[in-house]
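I opened this model to look up a few separate things and wrote each one down as I went. The entries below are in the order I made them.

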Amino acid sequence: MPLPKPPTRKAAVLASADFDSQAAPKTGKRAAKQPAAAEVAPAVLDLFSHDETEVPAAKAAPAPAPARQPGGRTAAREPAGRAPATARSPAQAPALPVPAPAARSAPVTARAADRPAPQAKPRRPKHTGPAKLFVLDTNVLMHDPTSLFRFDEHDIYLPMITLEELDGHKKGMSEVSRNVRQVSRELDALAAADNLADPKAGIPLAKSGHKEAGGKLFFQTTLLDVKLPAGLPQGKADNQILGVVQGLREQMPERDVVLVSKDINMRVKARALGLPAEDYFNDKTLEDGDLLYNGVLQLPSDFWERHGKTMESWQQSGHTFYRIAGPMVPALLINQFVYLESPGAVPLYARVVEITGKTAVLKTLKEYTHQKNAVWGVTARNREQNFSLNLLMDPECDFITLTGTAGTGKTLMTLAAGLAQVMDERRYTEIIVTRVTVPVGEDIGFLPGTEEEKMSPWMGALDDNLEVLARSDSSAGEWGRAATNDLVRSKIKIKSLNFMRGRTFLNKFVIIDEAQNLTPKQMKTLITRAGPGTKIVCLGNLAQIDTPYLTEGSSGLTYAVDRFKGWPHSGHVTLARGERSRLADFASEVL
């Protein structure tokens with residue numbers, strides 16, 4: 001098909017004849033083979049508007065249906081010897097005859113300018129009733145700067161005292177100050193996009209690009225004359241917000257006005273006054289810590305009977321592989337550990353290494369419970385420790401999380417695996433250890449020295465585990481152990497969490513201890529420091545959170561475990577049994 005002539009000058013537009021020539025049927029060898037009686041005129045696009053009814057074709061021999069064009073229009077083909085049909089109203093349009101199957105002409109394509117623009121699919125609201133009006137406390141915005149856009153189709157109301165409190169916390173380099181400045185920028189962008197022509201009408205929250213927010217933002221523009229109980233001081237900011245909630249409920253009795261606050265005492269006061277109050281839940285990864293993915297799954301006792309008929313097995317590199325297909329496959333995740341222990345039978349300990357469609361591949365584990373497979377002199381004492389060492393020694397796992405109560409061996413196993421891969425296998429260049437500097441009790445003040453000297457009091461667990469690992473080599477003597485200890489310490493660097501921004505770790509074994517005290521934002525900052533060849537191991541006990549504003553559901557460790565589950569290069573194990581001492585095990589159970 002010849003192309004139309006190119007335009008001779010800039011910004012020239014092709015004529016309509018050029019488009020018609022492109023849409024005309026081809027004339028060549030294929031058309032010459034057809035009988036002369038079957039010659040047809042060029043097909044013409046018969047246009048109908050959306051409100052018109054389509055005209056039925058005349059009854060004749062079976063013929064192909066008219067070709068449907070975008071926008072619901074029909075391209076009717078004209079038989080030979082007829083003039084092209086024009087668009088008529090439904091009352092004047094006669095029945096159009098359909099050509100025989102042999103007389104097919106080339107399909108006609110409508111121009112892009114004639115096609116209607118695709119309409120966006122309407123968003124279905126998650127809430128079926130009327131939209132609620134949420135009054136946000138200042139601490140919600142300080143905690144999550146994107147909380148304005150986390151309420152779906154519901155509306156947001158900001159009292160003026162909330163903006164005043166935000167203005168008082170915008171200075172500083174703390175996390176709260178950064179969040180306040182981000183909230184101020186979001187509010188400025190919303191106000192600039194709407195120009196605040198009518199403040200009472202509200203500002204659509206989707207104007208700043210957050211399409212998930214379907215509600216509006218309202219600012220307090222008038223003083224609400226509300227009388228609170230005499231026992232509440234009128235000048236306190238919390239009581240003024242409570243007065244705003246009560247005034248809105250009186251002004252708009254048909255709407256649900258709800259206070260959202262992270263302050264427990266403020267929610268208690270609101271409920272005492274008969275005002276509905278809720279916590280901010282969008283920052284929580286899980287509602288209950290017991291629902292957290294533990295990385296281990298016990299197989300049912302009839303596993304072999306239900307999956308043995310279609311199972312394939314083979315051996316490779318000293319491991320046995322099983323390919324299973326059955327009802328267990330949808331419940332499995334990559335790098336999840338499965339085990340089957342039944343009396344009188346050989347136990348099965350395996351890891352899921354591949355999931356393809358309705359089949360999964362299980363790979364048996366290396367037994368680190370035996371002394372011949374000891375890692376830097378450390379052997380696994382229980383099932384979960386064996387699972388953890390298989391992950392720690394796997395070079396394909398880049399991110400590992402280990403959780404468990406005190407004394408389960410998280411730090412000792414991780415440090416032993418790191419030393420074995422740094423000193424013996426030379427897989428990594430050094431070990432980097434960091435942790436959040438959150439004290440259990442009162443702070444002791446400033447610490448002297450360099451960064452590493454300031455961090456050394458926080459690394460008592462590291463020193464204790466290094467002492468255990470150094471004692472394992474009893475044949476070297478006193479001088480040999482001292483030399484080994486100096487060599488080991490030269491390969492371990494202690495870094496502060498405050499100076500991680502902008503760094504990149506190349507071929508490092510990074511240990512993040514006490515990771516339960518990290519926020520999700522801090523966890524993201526640390527994990528994104530990993531460069532090529534780096535392994536990151538996060539250790540923590542979710543029952544020992546020392547940060548006052550974190551819970552088990554909102555901790556960064558919970559966030560990382562939930563987001564990384566199922567990724568082929570990550571793994572997680574929850575250690576259940578303590579191996580420190582019988583005193584520590586009993587204390588963790590009864591205290």
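**Entry 1: the model.** I note at the start that this is a predicted model.

**Entry 2: cavities.** I asked how many cavities of 30 Å³ or more there are. The count came to 5. The largest cavity holds about 80 Å³ of space. I then looked up its lining and found 13 residues. Of these, Phe564, Lys565, Ser570, Gly571 and His572 lie nearest the centre of the cavity. Sorted by class, the lining of the largest cavity has 6 nonpolar, 6 polar and 1 charged residues.

**Entry 3: the second largest cavity.** Here I found about 60 Å³ of space. I listed the lining as Trp376, Leu419, Leu466, Leu469, Ala470, Arg481, Thr484, Asn485 and Val488. Helix H12 (460-471) and helix H13 (477-490) are the elements that give two or more residues to it. Which of the elements gives the most to this lining? H13 does, with 4 residues. By class I noted 6 nonpolar, 2 polar and 1 charged for the second largest cavity.

**Entry 4: glutamine 516.** I located glutamine 516 in the loop between strand E18 (508-513) and helix H14 (520-527). Is glutamine 516 buried or exposed? I put it down as buried, because its relative accessibility is 0% and the cut-off for buried is under 20%.

I next looked for partners of its side chain. The side chain of glutamine 516 makes a polar contact of 2.7 Å with the side chain of glutamate 514. A polar atom of the glutamine 516 side chain also lies 3.0 Å from the backbone oxygen of glutamine 544.

**Entry 5: a sheet.** I followed an open sheet of 6 strands and wrote its order as E5-E6-E4-E3-E7-E8, with mixed pairing. Which strands are at the edges? They are strand E5 (203-204) and strand E8 (277-278), each of which pairs on one side only. E5 pairs with strand E6 (residues 216-219) in the antiparallel sense, over 2 bridges. In one of the details I kept, proline 204 has lysine 216 of E6 as its bridge partner.

Methods: Residues are numbered from 1 along each chain as its sequence is written. This is a predicted model: local features need pLDDT of at least 70, side-chain atom pairs count only at pLDDT 80 or more; totals for chains, interfaces and linings use all residues. Side-chain values use heavy atoms; hydrogens and water are left out. On a 1 Å grid over the protein atoms alone, a cavity is a set of points where a 1.4 Å probe fits but cannot get out, and a pocket is an open set with protein on both sides within 12 Å along at least five of seven lines; lining residues have an atom within 4 Å of a point. Grid points are joined across faces, edges and corners, and a volume is the space filled by probe spheres set on the points. Ala, Val, Leu, Ile, Met, Phe, Trp, Tyr, Cys and Pro count as nonpolar, Asp, Glu, Lys and Arg as charged, and the others, Gly among them, as polar. Buried means under 20% relative accessible area, exposed over 50%, partly exposed in between (1.4 Å probe, protein chains only). A polar contact is a pair of N or O atoms within 3.5 Å; within protein, one must be able to donate a hydrogen and the other to accept it, and residues adjacent in sequence count only if both atoms are side-chain atoms. Two strands pair if DSSP finds at least two bridges between them.
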